[in-house]
Amino acid sequence: MSQLRFLAVIAVFLLSSFASGRAQTAHANRTPVLVELFTSEGCSSCPPADALLAKLDHDQPIQNAEIIILEEHVDYWDDLGWHDRFSSHQYTERQSQYSSRLGVDGVYTPQMIVDGTDQFVGNDSFHAHRSITSAAQKTKLNLSLSRPVVDTHKISSSVSLPGSSSSQAHAELYAALVDSSDITDVRNGENGGRRLQHAGVVRSLQRIGTLKDLNAGALNFSLNAPSDAKLTEMRVVVFAQQSNQGDVLGAIATDVKP
């Protein structure tokens, strides 16, 4: 190899490494923001909100925000022509608690909630960008999540808070098992005849402890996946939230890989 060619190769390598390092640093500097969407396959105004949530997840359009999505399907549409296979009364209750705390008169779909503090109609892209931008300016807990371990239909992991302890004794920790993407051919109801695409569909959500528990070290937890789940295409999301579904203090997500 000539000296000139050797120097060219070295230059390309250094530039590539520098760019990679900058990309990793940029990702590390992003602040996690939890975006929840309460939706239903039986609601004709929900698909645009589902699409917006998927776009936020895929594009990550806010420069300093790591957008972590949860698509939660409520069950109060299920008797109106189409039973949503992802629906759960647990998510209806979660939405109802948000409505009570945030001063919303009743529940509705689609509803988007950013970091537990701001709620708005789920297809409002302008409001979503503004809210996420604001949320990303707040300091968040630096949660760490171990690589998930798959055993049949159970996924186990552990969450920790490296290098610090939390004084938020009453803040709660939640873990969610999420489908990265789903497709449903809806046969009846308001969306009858449509093929709906989803992202970040919550298949399991449970309280796993409190922030105070992390002062003693890593907290182990397990989540049971539904029988139809494709485990290696799922992700685990863990977030810390003030009691009574208050402000989200930190969040982290990781893919479940074989």
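One definition to begin: a residue is buried when its relative accessible area is under 20%. Keep in mind that this is a predicted model.

Now take Tyr174. Its relative accessible area is 13%, so Tyr174 is buried. What about Phe239, buried or exposed? Phe239 has 0% relative accessibility, so Phe239 is buried.

On to the rings. How many aromatic pairs does the structure hold? There are 2. We describe a pair of aromatic rings by the distance of the centres and the angle of the planes.

Start with Phe38 and Tyr98. Their ring centres are 6.1 Å apart, and the planes stand at 70 degrees, so this pair is edge-to-face. Phe38 sits in strand E1, residues 31-39, and Tyr98 in helix H3, residues 89-102. The pair therefore ties together parts that are 60 residues apart in sequence. Phe38 and Tyr98 are both buried.

Then back to Tyr174 and Phe239. These two form a stacked pair, with 5.3 Å centre to centre and 15 degrees between the planes. Tyr174 belongs to strand E8, residues 172-185, and Phe239 to strand E11, residues 234-241. That links distant parts of the chain, 65 residues apart.

Arg94 lies over the face of the Tyr174 ring, 5.5 Å from the ring centre.

Last stop, Gln63. Look in the loop between helix H2 (47-59) and strand E2 (65-73). Gln63 has 72% relative accessibility, so Gln63 counts as exposed. Gln63 and Ala136 are 73 residues apart in sequence. In space, C-alpha to C-alpha, Gln63 and Ala136 are 9.3 Å apart.

Terms used. Residues numbered from 1 in each chain as written. Predicted model: local features only at pLDDT ≥ 70, side-chain atom pairs only at ≥ 80, totals over all residues. Heavy atoms only, no water. Helix = DSSP H or I, 4+ residues; strand = E, 2+ residues; numbered from the N terminus. Buried < 20%, exposed > 50% of the residue type's maximum accessible area, 1.4 Å probe, protein only. Phe/Tyr/Trp six-rings, centres within 6.5 Å; stacked < 30°, edge-to-face > 60°. Lys NZ or Arg CZ within 6 Å of the ring centre and 35° of its normal.
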